[in-house]
Amino acid sequence: MSTFGVIEGPQGVTDAWSGLDWNAVQRHVRRLQARIVKALKAGNWHRVRCLQRLLARSWAAKLLAVKRVCSNRGKRTAGVDGVILDTPAQQWRQAQALNAKGYRPQPLRRIYIPKKNGKRRALGIPTQADRAEQALEQLALDPVSETLADPCSYGFRQGRSTQDAIEACFNALSRRNDSAEWILEGDIRACFDTLSHRWLIEHIPTHTGKLRAWLNAGYMEKGAFQLTTEGTPQGGILSPTAANMALDGLERALKARFRRHHKVHLVRYADDFIITGVCAALLADEVQPLVEQFLMERGLTLSREKTQIVHIETGFDFLGFNVRKYHGKLLIKPAPSSIAAVKDKVRQILKTGASQSQGLVIQRLNPVIRGWANYYRHVVSKKVFGDIDSAIWRLTWNWATRRHPRKSPAWVKDRYYGCRDGSAWVFTDGSASLFRMSTLPIQRHVKIRRDANPYDPQHADYFVERRRRQRGTTPTAAPTWLIV
């Protein structure tokens with residue numbers, strides 16, 4: 001199939017999905033996104049909106065929008081209509097139906113997921129058709145969001161990760177005699193649920209009619225329809241970008257108010273942030289009121305219970321990491337709560353796998369252990385890795401001895417443990433072995449450049465080189481069971 005055929009779409013063909021040249025589709029969309037960035041940097045907002053409309057009408061963008069919905073983690077999750085786009089014919093028809101006149105979204109499906117503190121978090125799940133429509137607008141909005149974003153923002157952005165945010169904390173706090181010693185830990189109360197609809201409609205540069213319809217779509221819970229007067233659904237594709245854009249501008253406000261000797265630095269990951277300062281009084285009397293005023297304009301407030309000011313010698317937990325100075329030296333380690341979480345997860349798997357084969361148990365454990373280790377491999381984790389390996393060994397030993405209460409320890413060792421990589425106590429069935437965190441080398445993460453924009457052609461070479469250097473050590477996202 002020719003490139004033209006891929007971009008324009010064969011007429012009347014509903015089963016051509018598998019024959020698409022996705023590289024050509026991606027290149028076509030990327031060119032339009034690069035033009036949006038160029039127009040925005042030139043200050044030509046009229047051209048930006050024209051290019052966004054052109055992208056929304058593009059067949060390539062429609063294909064990519066549907067592909068995103070049908071290939072992400074929620075591809076098997078339906079909305080209130082119960083429809084899942086799981087066949088090429090359905091996906092092709094959905095791409096043809098995007099950006100139609102008279103579009104109206106359906107209500108969200110309200111579900112609840114457990115949080116680490118025992119409470120439940122409400123999620124609003126749009127239909128897959130509505131998600132595809134949001135993904136289409138997202139393709140046009142994201143280049144604008146990336147170009148206007150605060151350099152200190154690292155959440156829900158391409159090429160950025162929690163490791164970049166942690167490195168920013170290190171850069172702001174690591175110097176012995178010249179770094180800030182006080183930190184404001186900010187916690188926004190129900191950020192996604194309380195964002196002002198009016199502020200979003202007035203300030204988010206996307207299709208206003210669609211945005212208003214999504215915000216006012218309401219939700220279905222236990223068969224009853226409920227209106228939505230504030231907030232943006234956490235299950236929506238456009239919601240993270242909209243929330244990011246609502247919080248962008250805080251860094252500029254801080255820089256306009258404070259000078260270098262105040263040592264005020266902001267590090268933000270989505271709605272989690274910390275602000276450093278030269279003294280506690282500055283953070284309490286000047287910085288926090290400025291933040292509260294900034295948030296109030298967007299319908300948001302700080303949580304009085306969780307927002308606190310701490311000294312760097314006391315330390316603080318941020319994104320699952322503990323940041324603290326020990327006798328003047330900054331060390332970043334896995335947070336105690338995260339260490340407890342991975343042990344509890346391993347304990348849970350072994351408990352539910354009491355009657356399962358050793359190979360199946362290893363198959364279930366390895367992704368958990370390896371994923372946790374990869375997430376923390378860029379900080380001071382070597383000793384923690386060894387301690388967790390010891391704890392996991394004890395758990396597996398208890399699992400094995402409970403299966404054979406009348407067998408001797410020597411028999412259990414010969415049956416469930418073997419020699420691997422110089423260790424005689426590796427939990428293995430001969431074909432598969434349990435991953436040990438201590439075998440993973442610690443490697444410092446290189447923070448992304450503050451002004452790097454993945455949609456700007458001027459930064460293309462930088463991202464290519466960065467990906468080449470990170471090959472095999474790309475930052476790993478936090479496991480879902482760890483952060484929910």
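Where is Thr 232 found, and between which two elements does its loop run?

Mentor: Thr 232 is in the loop between β5 (224–226) and α11 (239–247). Those labels are DSSP runs numbered from the N terminus: helices are H or I with at least four residues, strands are E with at least two. Bear in mind that this is a predicted model, where local features need pLDDT of at least 70 and side-chain atom pairs count only at pLDDT 80 or more, while totals for chains, interfaces and linings use all residues. Residues are numbered from 1 along each chain as its sequence is written, and side-chain values use heavy atoms, with hydrogens and water left out.

On confidence, pLDDT (the predictor's confidence in each residue, from 0 to 100) averages 92 for the protein chain, and 95% of the residues score at least 70. The exception to watch is residues 1–12, where pLDDT stays under 50. Where pLDDT is low, the predicted coordinates should not be read in detail.

Thr 232 has a relative accessible area of 7%, so it counts as buried; the cut-offs are under 20% for buried, over 50% for exposed and partly exposed in between, with a 1.4 Å probe and protein chains only. Leaving out residues up to four places away in sequence, Thr 232 touches Phe 192, Leu 195, Leu 215 and Ser 239, where contact means heavy atoms within 4.5 Å.

Ser 239 takes us into α11, as one of that helix's buried residues. What covers them includes α6 (128–148), α8 (191–194), α9 (197–203), α12, β6 and α13 (280–296). After α11 comes Gly 249, with a positive phi near 110 degrees.

Now for another loop, the one between α12 (250–257) and β6 (265–269), which holds Phe 258. Phe 258 is buried too, because its relative accessible area is 5%. Beyond four places in sequence, Phe 258 touches Val 264, Leu 282, Glu 286, Val 287 and Leu 290. Its C-alpha is 9.9 Å from that of Gly 277, which is 19 residues away along the chain.

Next, a helix with a kink to check. α15 (residues 358–376) has 19 residues and reaches 27 Å from first C-alpha to last, close to the expected 27 Å; that expectation is 1.5 Å times one less than the number of residues. Still, α15 bends by about 30 degrees at Leu 365, with Pro 367 following within four residues. The bend is the angle between axes fitted to the seven residues ending there and the seven starting there.

Last, the charges over rings. Arg 415 lies over the face of Tyr 416, at 4.6 Å from the ring centre, and the charged end of Lys 67 sits over the ring of Trp 22, 5.3 Å from its centre. To qualify, NZ of Lys or CZ of Arg must be within 6 Å of the ring centre and within 35 degrees of the ring normal. Tyr 416 itself is buried, with a relative accessible area of 1%, and Trp 399 is likewise buried at 2%.
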